[in-house]
Amino acid sequence: MPDSGVLITIDADEASDSWGFVGTVQIGEFEAYRTIRAFPTPGEAREAAQQLLAEVLGSLMAGQEWRTASDAFGHAARRSELGLGLRPGSRRGDTGGPALEEGRGDPRSNAPR
């Protein structure tokens with residue numbers, strides 16, 4: 001039978017002082033984290049642990065993606081290199097043009113470039 005991998009499980013457990021519930025994060029058989037705050041219900045404890053894990057993973061992944069892009073370009077990535085809405089036709093009335101393609105900002109703007 002093939003190995004099924006390792007699951008990350010978010011759950012709740014009774015707080016050690018019996019004053020509510022704590023959220024837990026398990027990686028496989030190992031408890032990786034317990035919330036430091038206790039919550040009145042198991043659902044609230046699970047939700048708190050889930051939110052913490054989502055925020056941490058989101059921050060880590062965003063940072064890693066930025067580092068990967070910067071390494072690939074050899075410099076801090078420009079908005080145009082990342083494709084963040086600066087392609088021709090990506091905004092109403094946008095005709096593209098050299099200023100957008102070179103990452104110098106919106107040519108219709110009065111803001112300094």
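View 1. Arg 34 has a relative accessible area of 30% and is partly exposed (buried is under 20%, exposed over 50%, partly exposed in between; 1.4 Å probe, protein chains only). This is a predicted model, in which local features need pLDDT of at least 70 and side-chain atom pairs pLDDT 80 or more, while totals for chains, interfaces and linings use all residues. Residues are numbered from 1 along each chain as its sequence is written, and side-chain values use heavy atoms, without hydrogens and water. Arg 34 forms a salt bridge with Glu 31, with 2.8 Å between the closest N and O atoms (a side-chain nitrogen of Lys or Arg within 4 Å of a carboxyl oxygen of Asp or Glu). Glu 31 is partly exposed at 40%. A salt bridge also joins Arg 34 to Asp 13, at 2.5 Å from N to O. Arg 34 lies in strand 3 and Asp 13 in strand 1, so this pair ties together parts 21 residues apart in sequence. Asp 13 is partly exposed at 34%. Through shared partners, Asp 13, Glu 31 and Arg 34 form one network.

View 2. Strand 1 (residues 8-14) and strand 2 (residues 21-27) run antiparallel, joined by seven bridges (strands pair at two DSSP bridges or more; strands are E runs of at least two residues, helices H or I runs of at least four, numbered from the N terminus). Six residues separate the strands, and Ser 18 in the turn has a positive phi of about 60°. Asp 13 stands opposite Val 22.

**View 3. Asp 11 and Arg 46.** Asp 11 stands opposite Thr 24 in strand 2 and forms a salt bridge with Arg 46, at 3.3 Å between the closest N and O atoms. Arg 46 lies in helix 1 (residues 42-73), 35 residues from Asp 11.
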